[in-house]
Amino acid sequence: MAETRVLLEHIDEPGLNTIDVYERLGGYTSMRKALTEMEPESVVEELKNSGLRGRGGAGFSMGMKASFMPKGTMDKYLCCNADESEPGTFKDRLLMQKNPHRLVEGIIIAAVAAGVNKAFIYIRGEYAFVADILDAAVNEAYGKGYLGEDILGTGNDLDLVVHRGAGAYICGEETGLLDSLEGKRGNPRLKPPFPANQGLYQGPTLINNVETLFNVPMVIGKGADWFKQHGTDQSSGTKLVSVSGNVQRPGNYEIELGIPAREIVYGLAGGPPPGRKVKFWFPGGSSAPVLLEEDLDRPYSFESMAEAGSMLGSGAVIVVDDSVPVVSVALRLAEFYRHESCGKCVPCREGTNWTVKMLERIDSGEATPMDLDILANVQTNIIGNCLCVLGDSMAMPVGSMVKKFRGEFEQHIERAREAADRLSIELGVAAPPADQAA
Amino acid sequence: MRPEATGQTPGVPADWDAPVDLAKDPATIPDLSSVDVPPELEKEIRDHIAKYPNKRSAALPALEAAQRVHGWCSPEAIRQVAAVMQVTPAYLSSITTFYDMFNTEPLGHHQVYVCTSVACNLRNAQALLEALQEAGQDFDDANIRGFECLGACDMAPMASIDNRYVGPIDPSEAPDVIEALREGRRPLPGRGLGDDGFKLPWDKDGSDG
């Protein structure tokens, strides 16, 4: 199965990251169209009609989000969320590294449509080399008069700043991102008020993922109807999927939403190594509940993944083959969320910590099968009880693993206990069973 | 098995429960004239402040700049940033302790982050981390640590070596990497994201780098 290259169009063109090459290939024409031929309202309307859904994880309609921005002359802001730190996700890195101007163009269109005059790209600190590329692109855009005051003589002003984070997963959560951008610890805020009403510096703020904004020039340039030709009714357009884990060709692939997941895992990424089978897979980053081998025949779309009890999330497919114990994946996952929990809400801070401790006990032979019920119970008590979904993001996949692989968990507990018993007999800290005593 | 109680929890200062000295001055904003800030650092911080509607937004880039100059977020580095930004050092410490990329101890000038998150771990990342740590045992100038997802699962197992993404790295190549850092060379040339001609071993058209 071939890829559909719309987002990745021209991606191999040498020098695409410079404004000359980008413009030679038709770049910034959508911006001209949006600014000189269209009213801001009709740009928002076009985005709404296109059915473009947010590509960061939640899948909310981009046009709706933009339309929530209040009218008026107050300071409004746009934040491009380039904090991409969901394990398994590396799509925005490719887009920004290769084609930074398309992101800048998308930001200009969205900002002018939403009445914004100050925009930020919040990029994770680890992507320092990508941030340098973005800085260069932003400077080029200023040089051409596409950013700054009175863009193209239309009276629109826009400043764009590339802001680097410093290593915190939670800053990808939109309100954590805002706090971090204000120079604080990245603690999420209580919602409501939603960022569209009170966001950055208490002003109305539009927050979009890189890939979402990347789609904007295309929607405006070619029209909503063209965009809707791709994908399914409820999931229009193409999507970059990042395939990783136990596959032969990990990487970014662009697909039309709605193709069978098997095409992605086997057709594009080459499937697991020879002789191995898919044991389970994460359809949308490490926060998505896991799906089994048979779910690979489902269409890969927002609605179909939700139907299967999981989510499309950021479009990161992590494949786990049958050589890997499920407990080790659950433990590694829980450790990640424990490390990244900001510590503000108790259920998440304590829940992630105790989940790690319980999984460690399972692994070291100190647990009983009853502990699995406690483990599952902890997960249900995290979900929905915190300001943000970081805790849920651990609870959902770990809960789904315990549910779907309960037999393996029980076996793991049993074997680990036996191994621990043998070890303590060898070390002389426990007496051997009566029938083996010499 | 519980570890034996030693009366001291690791990481907790011994005098944590001592009464607060109320006569001591609260942390104040250092006066710029009393702090010796390198002029380039001061200029960089001021440039960052100018970009934002609120000066506090410059805290992350300013601390990053100071860490580049000092090697870590030392009390002196924090005092310098505090003096230029006119904020309290305590506020800046609250930032440095939150974000993973700020070092609150001197750990060396080279930052080697091995991604050990879920996807990389399925591809032998733990072995790479251990190999690098072993090879770098007697090399004090590098901070070799496991790091949560670096967003390069396609290159797994990989490491971010002084902000350059290198991968996939076989654990057997760990001594070469450390040797290159020791000699001030670029480790594994051509194997870093953005290097000329970089592509993944299984990638035919090289579009992913």
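**Figure 1. The surroundings of A:N117 in the predicted model.** A:N117 touches A:D157, A:L158 and A:D159, leaving aside residues up to four places away in sequence. Two residues are in contact if their C-beta atoms, placed from the backbone, lie within 7 Å. A:N117 sits in the loop between α6 (100-113) and β2 (118-123) of chain A. Helices (H or I, at least four residues) and strands (E, at least two) are DSSP runs, numbered from the N terminus. A:N117 counts as partly exposed because it has 15 C-beta neighbours inside 10 Å. A residue is buried if 20 or more other C-beta atoms lie within 10 Å of its own, exposed if 12 or fewer, and partly exposed in between, with C-beta atoms placed from the backbone. The C-alpha atoms of A:N117 and A:L181 are separated by 17 Å, and the two residues are 64 residues apart along the chain. This is a predicted model, in which local features need pLDDT of at least 70, side-chain atom pairs count only at pLDDT 80 or more, and totals for chains, interfaces and linings use all residues. Residues are numbered from 1 along each chain as its sequence is written, while chains are lettered from A and ligands numbered from 1 in the order in which they are written.

**Figure 2. The hairpin of β6(A) and β7(A).** β6(A) and β7(A) form a hairpin, with 5 residues between them. Strand β6 (residues 238-245) and strand β7 (residues 251-256) of chain A run antiparallel, joined by 6 bridges. Two strands pair if DSSP finds at least two bridges between them. A:L240 has A:E254 in β7(A) as its bridge partner.

**Figure 3. Helices α15(A) and α16(A).** Helix α15 (residues 370-382) and helix α16 (residues 390-404) of chain A pack at about 145°, their axes 8 Å apart. Axes are lines fitted to C-alpha atoms, for helices over the stretch in contact, and angles run from 0 to 180 degrees between N-to-C directions. On the α15(A) side, the residues in contact include A:L372 and A:L375. Among those in α16(A) are A:A395 and A:V398. By class, this contact has 7 nonpolar, 3 polar and 1 charged residues. Ala, Val, Leu, Ile, Met, Phe, Trp, Tyr, Cys and Pro count as nonpolar, Asp, Glu, Lys and Arg as charged, and the others, Gly among them, as polar.

**Figure 4. The open sheet of chain B.** The sheet has 4 strands in the order β2-β1-β3-β4, with mixed pairing. β2 (142-147) and β4 (164-166) of chain B stand at the edges with a single partner strand each, so one side of each has no neighbour in the sheet. Neighbouring strands are turned by 20° against each other on average, direction ignored. Strand β1 (residues 110-115) and strand β3 (residues 159-161) of chain B pair in the antiparallel sense over 3 bridges. B:V112 stands opposite B:I161 in β3(B). Helix α6 (residues 125-135) of chain B packs on the sheet and touches β1, β2 and β3 of chain B. The direction of this helix makes about 155° with that of β1(B).

**Figure 5. The side of chain B that touches chain A.** Here 40 residues of chain B are in contact with 48 residues of chain A. α2 (59-70), α4 (89-96) and α5 (118-121) of chain B each supply at least two residues of this side. The largest share, 4 residues, comes from α2(B). By class, this side of chain B has 20 nonpolar, 10 polar and 10 charged residues.
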